[in-house]
Amino acid sequence: MIVENHQIASRHVASKLYNFVPEEIELAFQDFVQILSEYNYTPTGVVFYSIIGESSEGVMTAEIFIQISETSIAIPREEAVKFTSYFCVDHLLMTRVQGDFDMKSQEKYQELSTYMEQKNYIQKTPLFVQIKKMHTTDSSYVEMSIGVL
């Protein structure tokens, strides 16, 4: 199922670019949380990332986003952490992935691509991936979104 006009919006968002092979994404998340903790910032809310590119060797470039409780940051420039007081991307096509994300993500990405082609949409953003939890069952799912015109 594809949902149109989805939006990702959050306040007080820190972000950082990472290069990694897909199997090491958890290491990138851990590194980012460690950097924020080291400078006394408190991650809150949903973690999400955008896939900016992938090399022929399978190395992904992604920007990881984490909402923090503080309203500004002062982290040394060499850490390359960016901050925005408000983050919003709208006009997204979104689909959910439940179960084995590694197995189903390519299939779901293809569904998004096919839907864009059928509707003659033009992609305007990289792929965004949000990791969410269901409060009632404590299980997680993933929302994959692409901005379109």
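**View 1. Ser50 in strand S2 of the predicted model.** Ser50 lies in strand S2. The model shown here and in the views below is predicted. Ser50 is buried, with a relative accessible area of 2%. Strand S2 covers residues 43-54.

**View 2. Strand S2 against strand S5.** S2 and S5 run antiparallel, joined by four bridges. In this pairing, Tyr49 stands opposite Val129 of S5. Strand S5 spans residues 123-133.

**View 3. The barrel.** Six strands close into a barrel. Their order is S1-S3-S2-S5-S6-S4, and the pairing is antiparallel. From one strand to the next, the twist averages 45°.

**View 4. Strand S4 and its pairing with S1 and S6.** S4 takes in residues 82-97. Nine bridges join S4 to S1, and these two strands run antiparallel. Here His6 stands opposite Leu92 in S4. S4 also pairs with S6, again in the antiparallel sense, over six bridges. Thr95 stands opposite Met144 in S6.

**View 5. Helix H1 across the strands.** Helix H1 is formed by residues 25-38.

**View 6. Helix H2 across the strands.** Helix H2 is made up of residues 101-118. H2 lies across S1, S2, S4, S5 and S6. The helix runs at about 85° to S4.

View 7. Which residue forms a salt bridge with Glu111? The partner is Lys108, with the closest N and O atoms 3.7 Å apart. Both residues lie in H2. They are three residues apart, about one turn of the helix. Glu111 is partly exposed, at a relative accessible area of 27%. Lys108 is buried, with a value of 15%. Five salt bridges are found in the structure, and the Glu111 and Lys108 pair is one of them.

**View 8. Glu143 and Arg96.** Glu143 forms a salt bridge with Arg96, the closest N and O atoms being 3.0 Å apart. This pair links distant parts of the chain. Glu143 sits in strand S6 (residues 140-148), and Arg96 in strand S4. The two are 47 residues apart. Is Glu143 buried or exposed? Glu143 is buried because its relative accessible area is 2%, under the 20% cut-off. Arg96 counts as partly exposed, at 43% relative accessibility.

View 9. Which residues do the shared partners join into one network? Arg96, Lys132 and Glu143 are joined through salt bridges that share partners.

Definitions and conventions
Residues are numbered from 1 along each chain as its sequence is written. This is a predicted model: local features need pLDDT of at least 70, side-chain atom pairs count only at pLDDT 80 or more; totals for chains, interfaces and linings use all residues. Side-chain values use heavy atoms; hydrogens and water are left out. A salt bridge is a side-chain nitrogen of Lys or Arg within 4 Å of a carboxyl oxygen of Asp or Glu. Buried means under 20% relative accessible area, exposed over 50%, partly exposed in between (1.4 Å probe, protein chains only). Two strands pair if DSSP finds at least two bridges between them. Axes are lines fitted to C-alpha atoms, for helices over the stretch in contact, and angles run from 0 to 180 degrees between N-to-C directions. Contact means heavy atoms within 4.5 Å.
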